[in-house]
Amino acid sequence: MKNIKIGEKDFNDWAEMARQDPAGFEAMRLAAIDEFIDNAPAEQRDRLRKLQWRIDQERRLARTPMNACIRISRMMWDNILGNGGLRDRFAELSGLLQGDSAPVSSQLSGESTAEVLAFARPSR
């Protein structure tokens, strides 16, 4: 593989590389990820490496590239809309700015109450 500056490649360059040289593309993809993580603030690097590990595992478990995309997309949406996700954090911040003292995350976490029904045991 030629010595290529990763930041200077656009989508079309990446797509062409994936078609022409899949192994070279994979090496370049890994190098780009490592470069990004290495250039991140020190306090974020460990979390980024763990996130990348999770993404790699989703890709490994997927049967097709499309399935990998769907799995990773679902993982992203879970972190936005799921319990304790970005939506909950924004709601908490909004509540704090409006003077609410109660944490909003319990209201948005999907916790609900239900009546527990007692069923009679069958006689023997």
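Arg49 and Asp38 form a salt bridge, with their closest N and O atoms 2.8 Å apart. A salt bridge here is a side-chain nitrogen of Lys or Arg within 4 Å of a carboxyl oxygen of Asp or Glu. Arg49 lies in helix α3 and Asp38 in helix α2 (residues 22-39), so the pair ties together parts that are 11 residues apart in sequence. The model is predicted: local features need pLDDT of at least 70, and side-chain atom pairs count only at pLDDT 80 or more, while totals for chains, interfaces and linings use all residues. Residues are numbered from 1 along each chain as its sequence is written, and side-chain values use heavy atoms, with hydrogens and water left out.

**Overall fold**

- The chain has six helices and zero strands. Both are DSSP runs numbered from the N terminus: helices are H or I of at least four residues, strands E of at least two.
- Along the sequence the pattern reads α-α-α-α-α-α.
- Of the 124 residues in the chain, 19% are buried. Buried means under 20% relative accessible area, exposed over 50%, and partly exposed in between (1.4 Å probe, protein chains only).
- Among contacts with a separation of 6 or more, 19% join residues 24 or more positions apart. A contact means heavy atoms within 4.5 Å.

**Salt bridges**

- The structure holds six salt bridges. Side chains of opposite charge can pair when their charged atoms come close.
- Asp46 and Lys50 meet through their side chains at 3.0 Å, N to O. Both lie in helix α3, four residues apart, about one turn of the helix.
- Asp46 is partly exposed at 46%, whereas Lys50 counts as exposed at 51%.
- Arg71 and Glu58 form another salt bridge, at 2.7 Å, N to O. Arg71 lies in helix α4 and Glu58 in helix α3, so the pair ties together parts that are 13 residues apart in sequence.
- Arg71 is partly exposed at 24%, but Glu58 is buried at 17%.

**Aromatic pair**

- There is one aromatic pair in the structure. Rings of Phe, Tyr and Trp (its six-membered ring) pair if their centres lie within 6.5 Å; planes under 30 degrees apart count as stacked, over 60 as edge-to-face and the rest as tilted.
- The ring centres of Trp14 and Phe25 are 5.8 Å apart and the planes stand at 90 degrees, so the pair is edge-to-face.
- Trp14 sits in helix α1 (residues 11-20) and Phe25 in helix α2, so this pair links distant parts of the chain, 11 residues apart.
- Trp14 is buried at 18% relative accessible area. Phe25 is partly exposed at 22%.

**Largest pocket**

- The largest pocket holds about 260 Å³ of space. On a 1 Å grid over the protein atoms alone, a pocket is an open set of points where a 1.4 Å probe fits, with protein on both sides within 12 Å along at least five of seven lines; lining residues have an atom within 4 Å of a point. Grid points are joined across faces, edges and corners, and the volume is the space filled by probe spheres set on them.
- Its lining consists of Arg47, Lys50, Leu51, Arg54, Ile55, Ile72, Met75, Met76 and Asn79.
- Helices α3 (42-61) and α4 (65-81) each give two or more residues to this lining. Helix α3 gives the most, with five.
- By class, the lining has five nonpolar, one polar and three charged residues. Ala, Val, Leu, Ile, Met, Phe, Trp, Tyr, Cys and Pro count as nonpolar, Asp, Glu, Lys and Arg as charged, and the others, Gly among them, as polar.
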